[in-house]
Amino acid sequence: MDLEKNGLRIRNAEEKDAAQLAQWWNDGSVMAHAGFPLGLGITAREIAEKLKTDRDDARRRLILEWQGKPIGEMSYTILEGPIAEIGIKICEAAYQEQGLGRRALSMLISELFARGCVRIILDTNLNNLRAQHVYEKLGFKKNDIRRDSWMDQLGRKQSAVDYELLPSDFIDFS
């Protein structure tokens, strides 16, 4: 995948991105919302190996760039249906809360629907109100709230919100 619009680019993550991904994934402040306040403890070499298994029709990790600078990551997994499960992190704090995530999600969602996906799903931490606001602006509907459904690295119970988006509900901000 390689999408670009008005300075915002989404491209396939490649082996050369492994060091940047390791930096982000090992940073607890970036990964806390995903349940990893201590980071993942993963090496660039391990990430490079994982990237080799990515395929457009199954699972793809993506790099999000703003004006040529890597600022975050996205991913999608194609499930049966075909349904796509997606995720996003704006990893560079200076680029958060500027509407870039909403625009990037719009670009990715448009592409996945164009490729034949009939539904897009995602989940987020119940405490991540900023993400929930963005998802709902895009047309996602809450499916479920899973209270105390998992534990983070520090043994704290966490809750998640499940969302789904149908093509007819999608509001495109790209």
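## Stop 1

Select Glu-14 and Asp-17: the backbone nitrogen of Glu-14 lies 2.7 Å from a polar atom of the Asp-17 side chain. A polar contact here is a pair of N or O atoms within 3.5 Å; within protein, one must be able to donate a hydrogen and the other to accept it, and residues adjacent in sequence count only if both atoms are side-chain atoms.

The model is predicted, so local features need pLDDT of at least 70 and side-chain atom pairs count only at pLDDT 80 or more, while totals for chains, interfaces and linings use all residues. Residues are numbered from 1 along each chain as its sequence is written, and side-chain values use heavy atoms, with hydrogens and water left out.

Asp-17 sits in the loop between strand 2 (8-12) and helix 1 (18-25). Helices (H or I, at least four residues) and strands (E, at least two) are DSSP runs, numbered from the N terminus. Is Asp-17 buried or exposed? Its relative accessible area is 7%, so Asp-17 is buried. The cut-offs are under 20% for buried and over 50% for exposed, with partly exposed in between (1.4 Å probe, protein chains only). Not counting residues up to four places away in sequence, Asp-17 touches Arg-11, Asn-12 and Ile-63; contact means heavy atoms within 4.5 Å.

## Stop 1: helix 1 against helix 3

Now select helix 1 and helix 3 (residues 44-51), whose axes come within 8 Å and cross at roughly 115 degrees. Axes are lines fitted to C-alpha atoms, for helices over the stretch in contact, and angles run from 0 to 180 degrees between N-to-C directions. The crossing of helix 1 and helix 3 is right-handed. A crossing is left-handed if the near helix is turned anticlockwise from the far one by less than a right angle, and right-handed if clockwise.

Show side chains for the two groups that make the contact: Ala-18, Ala-19, Leu-21, Ala-22 and Trp-25 from helix 1, and Ala-44, Ile-47, Ala-48 and Leu-51 from helix 3. They divide into nine nonpolar, no polar and no charged. In this grouping Ala, Val, Leu, Ile, Met, Phe, Trp, Tyr, Cys and Pro count as nonpolar, Asp, Glu, Lys and Arg as charged, and the others, Gly among them, as polar.

## Stop 3

Eight of them form an open sheet in the order 1-2-3-4-5-6-8-7, with mixed pairing. Two strands pair if DSSP finds at least two bridges between them. The edge strands are strand 1 (2-5) and strand 7 (141-151), each pairing on one side only. Neighbouring strands are turned by 25 degrees against each other on average, direction ignored. Helix 1 packs on the sheet, where it touches strand 3 (59-66) and strand 4 (69-79), and its direction makes about 90 degrees with that of strand 4.

Start with strand 2, which pairs with strand 1 in the antiparallel sense over four bridges and with strand 3, also antiparallel, over five bridges. Asp-2 has Arg-11 in strand 2 as its bridge partner, and Arg-9 stands opposite Glu-65 in strand 3. Four of the five residues of strand 2 are buried, so strand 2 is largely enclosed by the rest of the structure.

Next, select strand 5 (residues 83-90) and strand 6 (residues 119-125), which pair in the parallel sense over three bridges. Glu-85 stands opposite Ile-121 in strand 6. Gly-87 is also in strand 5; at a relative accessible area of 23%, Gly-87 is partly exposed. Leaving aside neighbours within four places in sequence, Gly-87 is in contact with Glu-73, Met-74 and Ser-75.

## Stop 2: backbone exceptions

Most residues other than glycine have a negative phi, and most peptide bonds are trans.

- Asn-6 is in the loop between strand 1 and strand 2 and has a positive phi of about 50 degrees although it is not a glycine. The hairpin of these strands has two residues between them. Asn-6 counts as exposed, at 60% relative accessibility.
- Asp-148, in strand 7, has a positive phi of about 45 degrees, again without being a glycine. Asp-148 is partly exposed, with a relative accessible area of 48%.
- The peptide bond from Gly-81 to Pro-82 is cis, with omega near -10 degrees. Pro-82 lies in the loop between strand 4 and strand 5.
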